[in-house]
2 protein chains.
Amino acid sequence: MSDKIGFVGLGIMGGPMARNLMDAGYDLVLFNRTRRKAEELAEDNPAEVADTISELARQSDIVITMLPGPPEVEAVVAGEGGLLDSMHQGTLFVDMSTSSPVLARRLAEMGLERGVGMLDAPVSGGDIGAEEGTLSIMAGGEAETFERAKPLFEAMGETIVHVGESGTGQVAKAANQVVVALVLQAVSEALVLGSGAGVDPGKLIDVLSGGLAANKAMDVKREKFLTRDFEPGGKVAFHHKDLGIALETGREYGVALPVTALVDQMFGALEAKGGGTWDHSALITLLEAG
Amino acid sequence: MSDKIGFVGLGIMGGPMARNLMDAGYDLVLFNRTRRKAEELAEDNPAEVADTISELARQSDIVITMLPGPPEVEAVVAGEGGLLDSMHQGTLFVDMSTSSPVLARRLAEMGLERGVGMLDAPVSGGDIGAEEGTLSIMAGGEAETFERAKPLFEAMGETIVHVGESGTGQVAKAANQVVVALVLQAVSEALVLGSGAGVDPGKLIDVLSGGLAANKAMDVKREKFLTRDFEPGGKVAFHHKDLGIALETGREYGVALPVTALVDQMFGALEAKGGGTWDHSALITLLEAG
C-alpha cells in the first residue's frame, strides 16, 4: 500500500476506476487533460493533482493510463515529454486503454530498455462495471509484472485474467469487440427479418433466448432493440475504433476477418449519419426504412 | 388420445420425435421414404406402417411432417397424390420441417380450402433435443389450431411458443438460424484473430465468456472449436439451406440481410470444399491456412 499510483485519464471509465483505487486505500496522483475533473476527484479524497504528466511520472511507483485510443496512448506515453521519459527505473506502467496490440508490444519494449515493466490491461464492462468495480480485466505482460499489479486490478475489477505476453491483453479485447459487434448485427438482422415478416420482436427475442441463439448482448440490449432508445451504453464511435484495431491486428498477423470488416463499415456508415454517440445496438437502424 | 397421428419423415429428428409421441401413448401410423426405418420404429411400438402417404393421410386425424426442406415439403404435401389430396375435412396438419414462411402460408391457404387446419411448427434443439423431448417448438397458425396440437408438442418439446399467424413459426426459425450462423462466424473470427496473434484459444473463450461477448453457441461448440473435431451437431448443408430460406424471406418482405448473405456464401464455400456434413462450427476452417 505504500506504492504511489499515478492515474492519467479520468473520463467516464478512468474517473470511477481511480476512485475505486482511492477507496481501497491507495495513494494517488492524478492527471487529466481537463484539469477540473482531476481536482473534483481530489476534493473528497487524499489525492494530489499533477500539473504535467512528467510531474506525475516522477512521483509514481505505478502509472495507470485510461485513454481514448492508440493515438492518445502513443502521444501521452511515448511522445516528447511523455510518461516514459520521466518514469524512474522499477516503475510499473499499466495501460488500461483499449489500444492496439502492436503499439502495446512496442511500448513494452521501450519500457524494458528503461527498466520499466509494462502491462496492457484493457477492460470490458462499461461505465457501470467501472463504477461498481466489476470490470473484466484482460492483461498481457510478464507473469511477475502481472502479480505486482493484481491487487490494483482487484480493486477495479472482478474477472481478472493474465492472457499471456505483452500485447495479448489487447488482442483479447479486440477479439471481444469482434464478437460483440457481430452478435449485435446478428440480432439486428434477425429482428428486422422478423418484423418485416410480421413477427412481434419481443416474442422473437423470447424464442431466440430459449436455444442455441441465446446470447448476452441480446439480453442486455433487449430494451434498446425494442424501444429504439439508443442512449449508450457502448458508443458506436468507440466500437468502430475497436474494430479498426481488430482489423489492423488481423492485417499485421495475416488473419482475414471478412465479417468484422463488413460490420466495421456499418459502424462507419452509422457514424457518418450522426450516430457516433448512440449505443452500438443502433446497428439495427441501418437495416430499417426511414 | 383417441386421435390417430400420421407421422411422415422418420430421420434423425423425426424418428425420435415419433417415438416420444408413442411413448406418450399416442396411436401412430408411420411413413418414411426408406420403409425399413418405419418398420423398425413399429417393431417395439403399437404403430402401423403405411404403404403410401395417401393411405397415411386417409387414416389420420392429425398429420405431422418432418422433412429435409421446402422442396420435399411441397412435393409430399401439395404434389400429385400428396397428403392434402387425401386428408379428410377436420384433419390437423402440422409441418415441423424447417421450411419457407411463404410456402407455409400457401399450404395453410390450400388447407383452409379443404377444411384442413395447418400449423408451421419448426423446431430447434437438434437430434439430442429430439431424443430427449426437449425441443423448442415455434408455431405459426390459428390460436385454436395451436391449442389442438399443444399436447403433442408437449410430448416432443419443452419450450413451446405460439409465435403468430401462419408462416411466423418458420420466420422465427429463420431468424434463429441467422443468429446462430452469425454468432458462429463471430466466434470463428475472434478465435483466428487470437490464435494468429499468439493467444491461447481456450483462454480466449474463457475471457469472452465473462462479459458481453458471452453466447450459448460458443459454450456448446467450445470443444469443436478447440479440437477441430467437426462431427455434427448441426450440419453445414442444413444451415446453408436455412440461410437460403432466411434470404428468400428477406427478399419477399423487402428486408436486407447483408451479413447473413455473406455467411450464407461462406457456408456455400464450405459445402463446395466437401464440408457439407461437418458441424456448422467448421466455418472457422475457411479463415485458416491449410
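Analyst: Let's start with charge pairs. Searching the whole predicted structure turns up 24 salt bridges over all chains. One of them joins the side chains of A:Lys4 and A:Glu48, with 2.3 Å from N to O. That pair ties together distant parts of the chain: A:Lys4 belongs to strand 1 (residues 4–8) of chain A, while A:Glu48 is in strand 3 (residues 48–49) of chain A, 44 residues apart. As a general point, side chains of opposite charge can pair when their charged atoms come close.

Now for the part you asked about. How many salt bridges are there between chain A and chain B? The count there is zero. What the interface of chain A and chain B does have is six residue pairs in polar contact, with both residues at pLDDT 80 or more. Which pieces of chain A supply its side? Strand 8 (135–140) and strand 9 (157–164) each bring at least two residues, and so do helix 9 (168–196), helix 10 (201–209), helix 11 (216–220), helix 13 (236–253) and helix 14 (258–272) of chain A. The top contributor is helix 9 of chain A, which puts 20 residues into the side that touches chain B. Sort the residues on that side of chain A by type and you get 38 nonpolar, 15 polar and four charged.

How much surface is involved? The usual idea is simple: the size of an interface is often given as the accessible area lost when the parts come together. For chain A and chain B, the buried area is about 4600 Å², and carbon and sulfur atoms give 78% of that. In residues, 57 of chain A are in contact with 57 of chain B.

In general, two copies of a chain are related by a rotation about an axis and a shift along it.

Chain A is divided into domain 1 (4–164) and domain 2 (171–289). The centres of these two domains of chain A, taken over C-alpha atoms, are 29 Å apart. Their contact takes 14 residues from domain 1 of chain A and eleven residues from domain 2 of chain A. Between them, about 1000 Å² is buried, with carbon and sulfur atoms giving 62%. Zero salt bridges cross this boundary between domain 1 and domain 2 of chain A, but five residue pairs are in polar contact there, both residues being at pLDDT 80 or more. On the domain 1 side, helix 6 (101–113) and strand 7 (123–124) of chain A each supply at least two residues. Helix 6 of chain A has the largest share of that side, with three residues. By type, the domain 1 side comes to eight nonpolar, five polar and one charged.

Last stop: a loop with some backbone details to look at. In chain A, the peptide bond from A:Pro232 to A:Gly233 is cis, with omega near 10°, and A:Gly233 sits in the loop between helix 12 (222–227) and helix 13. Chain B has a cis peptide bond too, from B:Pro232 to B:Gly233, with omega near 10°, and B:Gly233 is in the loop between helix 12 (222–227) and helix 13 (236–253) of chain B. Back in chain A, the loop between helix 12 and helix 13 also holds A:Arg228. Phi of A:Arg228 is near 60°, a positive value in a residue other than glycine.

Definitions and conventions
Residues are numbered from 1 along each chain as its sequence is written. Chains are lettered from A and ligands numbered from 1 in the order in which they are written. This is a predicted model: local features need pLDDT of at least 70, side-chain atom pairs count only at pLDDT 80 or more; totals for chains, interfaces and linings use all residues. Side-chain values use heavy atoms; hydrogens and water are left out. Contact means heavy atoms within 4.5 Å. Buried area is the accessible area (1.4 Å probe) that two parts lose on being put together, summed over both. A salt bridge is a side-chain nitrogen of Lys or Arg within 4 Å of a carboxyl oxygen of Asp or Glu. A polar contact is a pair of N or O atoms within 3.5 Å; within protein, one must be able to donate a hydrogen and the other to accept it, and residues adjacent in sequence count only if both atoms are side-chain atoms. Helices (H or I, at least four residues) and strands (E, at least two) are DSSP runs, numbered from the N terminus. Ala, Val, Leu, Ile, Met, Phe, Trp, Tyr, Cys and Pro count as nonpolar, Asp, Glu, Lys and Arg as charged, and the others, Gly among them, as polar. Domain bounds come from an automatic or database domain assignment.
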